[in-house]
Amino acid sequence: MKQTTLLLLAGLFAALATSAKNNDKKDSVTACDRCIVAAEQSQHRIIIADTKTGNIIWEWKPENSNVRPSDVKWFSNPSEAKMVYDRRYVLMAASGGGVALIRVADKKTVFYAYAGGNTHSAEILPDGNIVSASSTGNFLTVFKTDTTHFPEHVYAKKIWAHFAHNVVWDAAGKKLYSAAMDSILVFSYNNNCNAPDLQPEVRVKLPGTEAHDLYPVYGKRLLWLSNSTNVWYFDVKTNKTIPAKDIIQENVKSVSSGPGGYPTICALPKESWWTDEVIDAKGHTVFLKKGLKIYKARWVLPDTFGNPDKKDLQYCR
């Protein structure tokens with residue numbers, strides 16, 4: 001009896017220690033005031049790095065997660081990572097076709113599915129469903145985010161979008177935006193948990209072509225918009241583009257801004273489509289680590305544009 005009690009106590013202490021360790025991981029990320037989350041392709045992983053120390057403090061690799069070995073290839077060449085649900089989760093997409101929602105505390109992949117078509121971006125919809133953008137496939141995919149039945153048996157609906165590289169949900173305007181080649185496509189969402197779908201509403205012609213990044217300007221009703229030659233602001237109230245003259249212009253793969261004191265950061269390729277450095281709007285180094293292949297980088301901040309009130313994981317029941 002005494003031995004059984006000791007074993008039970010040992011198990012309890014181990015569980016408490018694991019819980020504390022997981023909470024420490026979560027808290028170290030949410031407490032970091034100058035961390036970035038990045039799609040890092042040299043090791044096909046998502047990283048969170050502290051720009052003050054230059055250290056990588058968190059990483060997710062599919063082969064070390066609960067992703068099935070046969071599905072790991074879906075997550076080759078990660079293309080985007082963004083913080084969602086008050087920085088408790090990371091939403092990522094990969095050129096290998098995969099989309100995943102990852103809990104920061106224990107790195108568990110709570111949902112993943114296959115979109116295909118060179119997936120470049122993903123976004124959380126207001127009911128917790130997920131939409132992704134696939135560039136060579138020329139489509140968006142809306143997934144029912146059922147955390148108990150994946151990756152098979154996942155409801156998915158494809159919507160045509162030429163050269164789709166990005167998706168952003170506007171919570172205030174209740175619209176989805178995707179910059180597709182030379183146009184911004186604006187969609188409404190049917191809010192159908194079990195059969196999610198998007199309805200095209202407006203197409204706005206853009207200056208230039210090969211639109212690439214679309215991401216909220218922190219604290220404003222504007223989106224960063226980049227293509228191979230320029231960076232703009234896109235005003236979601238007026239559907240107008242405004243030149244962003246205060247930032248590097250050419251071949252910007254990602255742009256992210258923050259509150260006062262946070263510089264606007266960019267990922268600008270040094271080789272092919274990747275870089276080992278994240279720079280500010282004037283070209284000064286914010287983070288550098290030799291050997292990395294960063295495709296996009298974002299500040300680790302709450303999502304005040306797409307899901308400002310969502311603190312906890314949302315999913316359809």
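**Entry 1: the loop of Pro 151**

I located Pro 151 in the loop between strand E10 (139-143) and strand E11 (156-160). I take strands (E, at least two residues) and helices (H or I, at least four) as DSSP runs, numbered from the N terminus. The model is predicted: local features need pLDDT of at least 70, side-chain atom pairs count only at pLDDT 80 or more, and totals for chains, interfaces and linings use all residues. Residues are numbered from 1 along each chain as its sequence is written, and side-chain values use heavy atoms, with hydrogens and water left out.

I then examined the peptide bond between Phe 150 and Pro 151, which is cis, with omega about 0°.

**Entry 2: positive phi values**

Most residues other than glycine have a negative phi, and most peptide bonds are trans. I noted Asn 138, where phi is near 60°. Asn 138 sits in the loop between strand E9 (130-134) and E10. I record Asn 138 as partly exposed because its relative accessibility is 23%; buried means under 20% relative accessible area, exposed over 50%, and partly exposed in between (1.4 Å probe, protein chains only).

I also noted Ser 272, where phi is positive and near 45°. Its loop runs between strand E21 (265-267) and strand E22 (277-280). Ser 272 counts as exposed, because its relative accessibility is 57%.

**Entry 3: the open sheet**

I traced an open sheet of four strands in the order E3-E2-E1-E24, with antiparallel pairing. Strand E3 (55-60) and strand E24 (294-299) are the edge strands, each pairing on one side only. From one strand to the next, the twist averages 25°; axes are lines fitted to C-alpha atoms, for helices over the stretch in contact, and angles run from 0 to 180 degrees between N-to-C directions.

Two strands pair if DSSP finds at least two bridges between them. For strand E1 (residues 35-40) and strand E2 (residues 45-50), I found six bridges in an antiparallel arrangement. Ala 39 has Ile 46 of E2 as its bridge partner.

**Entry 4: the nonpolar core**

I looked up Ile 46 again in the largest nonpolar core, which has 23 residues; Ile 46, Trp 58, Trp 60, Phe 75 and Met 92 touch the most other members. Such a core is a set of buried Ala, Val, Leu, Ile, Met, Phe, Trp, Tyr and Cys residues joined through side-chain atoms within 4.5 Å. E1, E2, E3, strand E4 (78-84), strand E5 (89-94) and strand E6 (98-103) each supply at least two residues of this core.

For Trp 60, I listed contacts (heavy atoms within 4.5 Å). Leaving aside neighbours within four places in sequence, the contacts of Trp 60 include Ile 46, Phe 75, Met 92 and Lys 107.
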